[in-house]
Amino acid sequence: MGLHKKKTEQDIFEILPQAIAAFKKSMIAPFLGEGRDKYINDRPPLRGELFTEEQLKQHARVICKNHELISDHPSEQLLKRLAENERILLEVHEKLTNVVGDNERIVPAAEWLLDNFYLIEEQIYIGKKHFPKGYSRGLPQLAKGESAGLPRVYDMAVEIISHSDGQINLSNLTSFITAYQTNTFLKIGELWALPIMLRLALLENLRRISIQIFIDITYKSLANEWADKLISTAETNAKNLVLIIADMARSEPPMESSFVAELTRRLLEKGNRLSLPVNWIEQQLAEHGFTTEDLIQQENQKQAADQVSISNSISSLRFLGSTDWREFVENTSIVEQVLKEDINGIYSGMDFYTRDQYRHAIEKIAKRSDLSEQAVAIMAIEAAKTNAAGNDDARLSHVGYYLVGKGLQKMQKQVRVKSSKIESCRKITRRFPLFVYIGSIILLTSFFSWTLTVKANNDGLHSWKLLLLVMVCFFAASQLAVSVVNWLSTLLV
């Protein structure tokens with residue numbers, strides 16, 4: 001009898017299919033609903049090797065050399081990604097809430113996510129508000145790599161988060177940006193965009209972790225279903241236990257750490273009565289070089305890592321909202337360092353908004369020329385220093401004269417600014433405002449009056465009646481012309 005039982009167990013293990021470690025779509029699909037393919041194929045959390053501040057600086061120099069920028073045809077992908085992140089985070093939050101409502105146990109990382117979800121929703125709103133359509137197209141984008149088609153500064157944000165496990169502070173951030181600029185200088189717009197890029201990357205990281213958390217919860221729920229069946233069968237009809245194991249094997253359960261750890265825990269609580277399914281699990285894992293102890297330890301480590309990543313990411317979102325980024329931009333901007341060379345330190349003594357106006361003027365000039373922002377700033381400083389010697393007009397020795405004053409036109413000619421048709425119209429309007437305004441009204445009035453007069457003449461109206469109509473049309477058309485010109489003037493200004 002004992003030999004027959006041993007032979008039966010051996011036959012069962014031979015016919016049971018090997019459990020696969022890959023994620024099974026059919027297993028988790030009912031829990032994820034629409035968009036499950038995106039859940040299944042989602043990338044792992046942003047969690048690379050943890051770097052010290054010095055290692056981060058070295059890494060910044062390395063990625064700087066590897067970054068290759070797109071020369072034309074920039075794309076817009078981040079807004080779509082933000083909307084997708086919002087949708088998935090809201091969906092996972094709803095599912096986790098339902099799990100808690102059913103009095104099921106959740107991991108600490110899931111508790112962090114639920115307790116701080118109000119902050120995540122707030123950061124998503126801020127991201128939408130400060131990231132208008134087309135914004136990323138104005139930033140230098142990468143031509144290759146995992147972040148191809150995305151802004152360079154977004155890839156930098158991802159790298160910082162990956163190698164700090166989501167823990168961002170002003171010290172490591174400033175060190176990273178400063179080290180990156182040892183070879184290539186970032187534009188002013190990129191420095192101002194860094195906070196929003198960090199916010200988007202942190203939301204991306206939270207989305208990836210939340211998906212992983214929910215998948216683990218789904219695996220645990222599946223493990224509990226099989227544990228309930230096995231325990232119930234063992235207590236009521238032990239002879240059918242083999243059939244339940246066979247059913248479980250045919251369903252190809254995911255031999256992931258969350259599934260194995262939960263199922264093993266439930267079975268071991270019942271003692272030796274469930275040694276057969278425990279032995280089956282051990283055999284399946286042994287074929288891949290693992291033991292249940294290995295996967296239980298792996299699951300504990302993963303839960304701890306997820307909790308740390310969630311807490312760091314949420315703390316970093318709070319950091320982004322409480323930091324004054326004006327000081328950060330000025331401390332890391334190469335343009336700011338050049339402008340501080342202004343004679344007599346006048347620039348440094350100005351308030352922030354005036355200094356920012358100067359920097360934006362340089363940014364605008366550089367965008368419409370072939371020179372970098374640093375080169376434009378240097379030219380403005382050199383022009384101020386050159387005109388300072390032997391000149392009684394103190395304005396000519398100040399850098400602002402060539403950025404926002406009367407010297408701007410001369411600076412634009414020197415750097416060969418490329419003006420658009422709209423900008424050319426604006427220049428003419430500013431130079432001859434009264435002539436352009438009145439001339440436009442007269443021109444439109446004449447056009448409208450002439451059109452009506454030709455129509456009346458063709459319909460047979462002549463002599464003094466036609467003259468009277470011309471006078472009436474002129475006054476009536478002038479009102480329309482004034483309205484049109486005022487509307488166009490508003491658009492130009």
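The questions and answers below concern a predicted model.

Reader: How many aromatic pairs does a search of the whole structure find?
Author: The model is predicted, and the search takes in the whole structure. The number of aromatic pairs found is nine.

Reader: Are the planes of the rings of Trp 325 and Phe 328 stacked or edge-to-face?
Author: The ring centres of Trp 325 and Phe 328 are 5.4 Å apart, and their planes stand at 90°. An angle over 60 degrees places a pair in one class. The pair is therefore edge-to-face.

Reader: Is Phe 328 buried or exposed?
Author: The limit for burial is under 20% relative accessible area. Trp 325 has 10% relative accessibility and counts as buried. Phe 328 has 2% relative accessibility, so Phe 328 is buried.

Reader: Is Phe 475 buried or exposed?
Author: The rings of Phe 474 and Phe 475 form an edge-to-face pair, with centres 6.2 Å apart and planes at 85°. Phe 474 counts as partly exposed at 40% relative accessibility. For Phe 475 the relative accessible area is 59%, so Phe 475 is exposed.

Reader: Which residue lies over the face of Phe 352?
Author: Phe 352 belongs to one aromatic cluster with Trp 192 and Tyr 353. At 5.0 Å from the ring centre of Phe 352 lies Arg 326.

Reader: What distance separates the end C-alpha atoms of helix α21?
Author: Helix α21 runs over residues 433–458 and has 26 residues.

Reader: Which residue with a positive phi follows α21?
Author: Within α21, the buried residues include Ile 441, Thr 445 and Ser 449. After α21 comes a residue with phi near 100°, Gly 460.

Reader: What separates the C-alpha atoms of Pro 140 and Asp 72?
Author: Pro 140 is in the loop between α7 and α8, and its relative accessible area of 13% makes it buried. Pro 140 is in contact with residues including Leu 69 and Lys 187. Pro 140 and Asp 72 are 68 residues apart along the chain, and their C-alpha atoms are separated by 9.7 Å.

How values were computed
Residues are numbered from 1 along each chain as its sequence is written. This is a predicted model: local features need pLDDT of at least 70, side-chain atom pairs count only at pLDDT 80 or more; totals for chains, interfaces and linings use all residues. Side-chain values use heavy atoms; hydrogens and water are left out. Rings of Phe, Tyr and Trp (its six-membered ring) pair if their centres lie within 6.5 Å; planes under 30 degrees apart count as stacked, over 60 as edge-to-face and the rest as tilted. Buried means under 20% relative accessible area, exposed over 50%, partly exposed in between (1.4 Å probe, protein chains only). A charge sits over a ring if NZ of Lys or CZ of Arg is within 6 Å of the ring centre and within 35 degrees of the ring normal. Helices (H or I, at least four residues) and strands (E, at least two) are DSSP runs, numbered from the N terminus. The expected span of a helix is 1.5 Å times one less than its number of residues. Contact means heavy atoms within 4.5 Å. Lists of a residue's contacts leave out its neighbours within four places in sequence.
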